[in-house]
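Subject: Handing over a structure

Hello,

I am passing this structure on to you, and my notes follow just below it. Please have a look at the model first, then read on.

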Amino acid sequence: PFLPDIVMNPFSHPKERSKVYHEWRRMLSHYTDRVVSHSSDKLMACAGLAEDFARLLGSDYLAGLWRDFLIYDLLWQVNYSSPGHITPCRPLPYRAPSWSWASVDGRVSWRWNHLSMVRATAPQALAEIVECKVTTQDQSLPFGQVTNGSLSLRVPLFSCERDSGGHIYIVLDQTESPAKGEPAHASSSIR
């Protein structure tokens, strides 16, 4: 696909930034549906575009995701139902942290509507990013080959129940912390 005008022209309104972000995700969805000659080159193959988008978005690049949109970027999923396309898998050797779309082969898409982020009716995220770090093979190439990444989240704990059919449901009444009377939270690091 060709780059739309919005990517090539500077913007001055938050909705324009959201459109640029949408174009990044749209291009990635098409890109991840293709086979890269060398699996380890997955991030390197889009490094030039990532550098241009970083300038337009004004955000740090984290192994294919953007710091300013990270909570939404984490909602990627592999499309297992794409007929005639590559079978999704997590290849070896390491090329990206497990929370990045770049860690898998196969077409990815996102569960979150990007334009909802600029609307007043957008749902509130329950998770909070505590810390996210990415190490590249060459520190002077922030869009280059990734050697390590970590992500720490703070999220509320919910009770879960299993029905007789084996399905798991989240109970929406949050677990109360006996000491403070506030919802309990957990922090977790993901690599």
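A word on terms to begin with: pLDDT is the predictor's confidence in each residue, on a scale from 0 to 100. Helices (H or I, at least four residues) and strands (E, at least two) are DSSP runs, numbered from the N terminus.

This is a predicted model, in which local features need pLDDT of at least 70 and side-chain atom pairs count only at pLDDT 80 or more, while totals for chains, interfaces and linings use all residues. Residues are numbered from 1 along each chain as its sequence is written, and side-chain values use heavy atoms, with hydrogens and water left out.

Confidence first. The protein chain has a mean pLDDT of 77, with 71% of its residues at 70 or more. Strand β1 (residues 61-62) has the highest confidence, at 96, and helix α1 (residues 5-8) the lowest, at a mean of 49. Over residues 174-181 the pLDDT is below 50, and this stretch has 15 contacts (heavy atoms within 4.5 Å) in the model beyond near neighbours in sequence.

Next, the aromatic rings. Rings of Phe, Tyr and Trp (its six-membered ring) pair if their centres lie within 6.5 Å; planes under 30 degrees apart count as stacked, over 60 as edge-to-face and the rest as tilted. The structure holds 7 such aromatic pairs. One of them is stacked: Tyr 21 and Phe 69 are 4.0 Å apart centre to centre, with 10 degrees between the planes. Tyr 21 belongs to helix α2 (residues 14-31) and Phe 69 to the loop between β2 (65-66) and α4 (70-73), so the pair links parts of the chain 48 residues apart. Buried means under 20% relative accessible area, exposed over 50%, and partly exposed in between (1.4 Å probe, protein chains only). Tyr 21 is buried at 0%, and Phe 69 is buried at 6%. Ring pairs also join Trp 24, Phe 53, Tyr 61, Trp 66 and Phe 143 into a cluster.

Val 108 is another residue to look up, in strand β4 (residues 108-110). Val 108 is buried, with a relative accessibility of 0%. Leaving out residues up to four places away in sequence, Val 108 touches Ser 29, Thr 32, Trp 76, Gln 77, Val 78 and Trp 101. From Val 108 to Thr 32 it is 76 residues in sequence, but 6.3 Å in space, C-alpha to C-alpha.

Finally, the cysteines. With a disulfide defined as a pair of cysteine sulfur atoms within 2.5 Å, the count is 0. Cys 46 is buried at 5% relative accessibility, and Cys 132 is buried at 5%.

Best wishes
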